Amino acid sequence: MKEQLKLLSKDLEHCDIVIILDACRCDYFRKYSKIDCECVISPASYTLGWLKVVSPLFQRYEFVAISSHPYINSKGDVLGHGYDARPYFKYIVDLWNFYYDKSIGTVHPVHVYNTFKKMFNMLKKFKMLIWFLQPHLPPATRSLYQYFKCDYNDIDIVKLIERGVLKDSDYVEMYIENLQLVLDYTYKILDYCRDRKEVVGKREINVLITSDHGEFLGEEIELNGKKVKVFSHPGNISHPILRTVPYALVSL
Amino acid sequence: MIVMDLKKVEHSINLIRDFIESYNRVAVCFSGGKDSLVLTYLTLKALSEVKSSPKIWFIVCDPIPIEENRGFCQYIVDKWNLNDYGEIIWYEDLVKKYSKIDFEIAKDKIRCCMELKVKPLRKFIRDENIEVLITAIRGDEHHERAKESEISPREDHIRLHPLLNWSLIDVWSFIKENNLPVNPLYFKGYLSLGCKPCTKPVTSGFKSVDEIIEFLRRGGVHERAGRDIDKERVMEILRSLGYF
């Protein structure tokens, strides 16, 4: 399998838009997406690790970031994780700041899409990074937090499974729902670019769709000599499931 | 002596230029206050570098201006030939066109700001298909403004805040270093300018920009101390409705 970092080093120069589907597994992308992709090895198994390695590549070119991820924000390292996105991007649009919806504990992809449309003209001068928070849970498709009458910070979906409140299959179902939702908005972005490329003076718009890392969906892995069932993407585990991500180049 | 950070200036000009170059319909707010004076000056700098020919509007003064402010705004419009760069729209005219004053001015702050400031601006943005609205808000001026981002997507346009990360001292230092004209109301003790019923002077006045800077450097009083306290309290609500 090819290394994502090497491919990015080569391909970013020719890309107009990079779309990140947060925590998207390659096998699920292949199963549920209309877009052909190859599976590649991500340099990291969690977002922060990925950003620290990949961000310098964005800095080589002038990227405007439309980001629903709070790590990529225009205020600096406000989360105190030792990562400041500002030097790597020409401008950052903070969707987390404007569109975080506490009933779903995330930023709905509709806001990413709507902001992309407003920012589309910036493609005349710059490349664009579009960061969707899906298919990463929580699900944007249901008000999980309203259902459990709590805030995002008060519950952890993985803990709900451990406690038997949610079933393993619920996690997978929510992940697939989120993937299908974000793919719908990805297709909308592609359609929008296809219809309006002349507006930004381009004959062709090249879009790269990829992910920062994968996701465990209840697979059993060996950890410290024991077989354990894992969900999400724990920062201390680097496993092929977490490192295998889709990589799709689309010319419009 | 305080020297303005040139990187901050360059960043603001680049931001304005990049958006003006990428969009076709851009409005710039010039209230006559120190911040929007700097914003307008930077916009003219940016426009001198722009290769495209977008349609520009300058939204000038306040809905109910202090008389001297109206005069200062007209002075800047003439001195900087703003007509050559875009269309001049007086806020008072927007109010006449889009609002009906059938209530007591400044009694209910939310209603007053909504009717005289927010609604006319919203309707203007809608009618003229404004794609980018550039305003001179600063983060250190009010905690509600500190929550903003330089690029702020709205329902039907993008709001741009090139001075969001400038401090009050930055603004006055820039005015001094570039010898920009100063609204005479500042020398009469106003520190922040807004509509007449809700704005008052807070000091006995200053003789020069140096005195203003020195006053602020020593701690002075809060910049918006002369703004109506009720309005300051409802800023969160006003901003959620579209006030800047």
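Modeller: Contact means heavy atoms within 4.5 Å. Helices (H or I, at least four residues) and strands (E, at least two) are DSSP runs, numbered from the N terminus. This is a predicted model, where local features need pLDDT of at least 70, side-chain atom pairs count only at pLDDT 80 or more, and totals for chains, interfaces and linings use all residues. Residues are numbered from 1 along each chain as its sequence is written, chains are lettered from A and ligands numbered from 1 in the order written, and side-chain values use heavy atoms, without hydrogens or water.

Colleague: Start with chain B. How many helices and strands does chain B have?

Modeller: Chain B has 12 helices and 6 strands.

Colleague: What share of the residues in chain B is buried?

Modeller: Buried means under 20% relative accessible area, exposed over 50%, partly exposed in between (1.4 Å probe, protein chains only). Of the 244 residues in chain B, 61% are buried. Now look at contacts in chain B between residues at least 6 apart in sequence: 75% of them join residues at least 24 apart.

Colleague: At what angle do H1(B) and H2(B) pack?

Modeller: Axes are lines fitted to C-alpha atoms, for helices over the stretch in contact, and angles run from 0 to 180 degrees between N-to-C directions. H1 of chain B covers residues 6-22. H1(B) packs against H2(B) at about 60°, and the axes are 8 Å apart. That angle makes H1(B) oblique to H2(B). Under 35 degrees counts as roughly parallel, over 145 as roughly antiparallel, 65 to 115 as roughly perpendicular, the rest as oblique.

Colleague: Which residues of H1(B) meet H2(B)?

Modeller: From H1(B) come B:Val9, B:Ser12, B:Ile13, B:Ile16, B:Arg17, B:Ile20 and B:Glu21. They meet residues of H2(B) including B:Leu39, B:Leu42, B:Thr43 and B:Ala46. By class, this contact has 8 nonpolar, 2 polar and 4 charged residues. Ala, Val, Leu, Ile, Met, Phe, Trp, Tyr, Cys and Pro count as nonpolar, Asp, Glu, Lys and Arg as charged, the others, Gly among them, as polar.

Colleague: How far apart are the axes of H2(B) and H8(B)?

Modeller: The axes are 10 Å apart, and the angle is about 55°. H2(B) is thus oblique to H8(B). H2(B) spans residues 34-49, and H8(B) spans 168-177. In H2(B), B:Tyr41 and B:Leu42 are among the residues that meet H8(B). On the H8(B) side, the residues include B:Trp172 and B:Phe174. The contact of H2(B) with H8(B) has 9 nonpolar, no polar and 2 charged residues.

Colleague: On to chain A. How do the axes of H5(A) and H8(A) cross?

Modeller: They cross at roughly 10° and come within 9 Å. H5(A) is therefore roughly parallel to H8(A). Among the residues that meet are A:Tyr113 and A:Phe116 in H5(A), with A:Ile189 and A:Tyr192 in H8(A). The residues divide into 9 nonpolar, no polar and 2 charged.

Colleague: Is A:Phe116 buried or exposed?

Modeller: A:Phe116 is buried, at 0% relative accessible area. This residue sits in H5 of chain A, residues 109-119. Beyond its neighbours within four places in sequence, A:Phe116 contacts A:Ile17, A:Ile66, A:Met128, A:Ile130, A:Ile189, A:Tyr192 and A:Cys193. A:Tyr192 is 76 residues away along the chain, yet the two C-alpha atoms are 9.6 Å apart.

Colleague: Where does A:Met122 lie?

Modeller: A:Met122 lies in the loop between H5 and strand S8 (127-132) of chain A. A:Met122 is buried, with a relative accessible area of 0%. Not counting residues up to four places away in sequence, A:Met122 touches A:Tyr91 and A:Met128, along with B:Asp18, B:Phe19, B:Ser22 and B:Tyr23.
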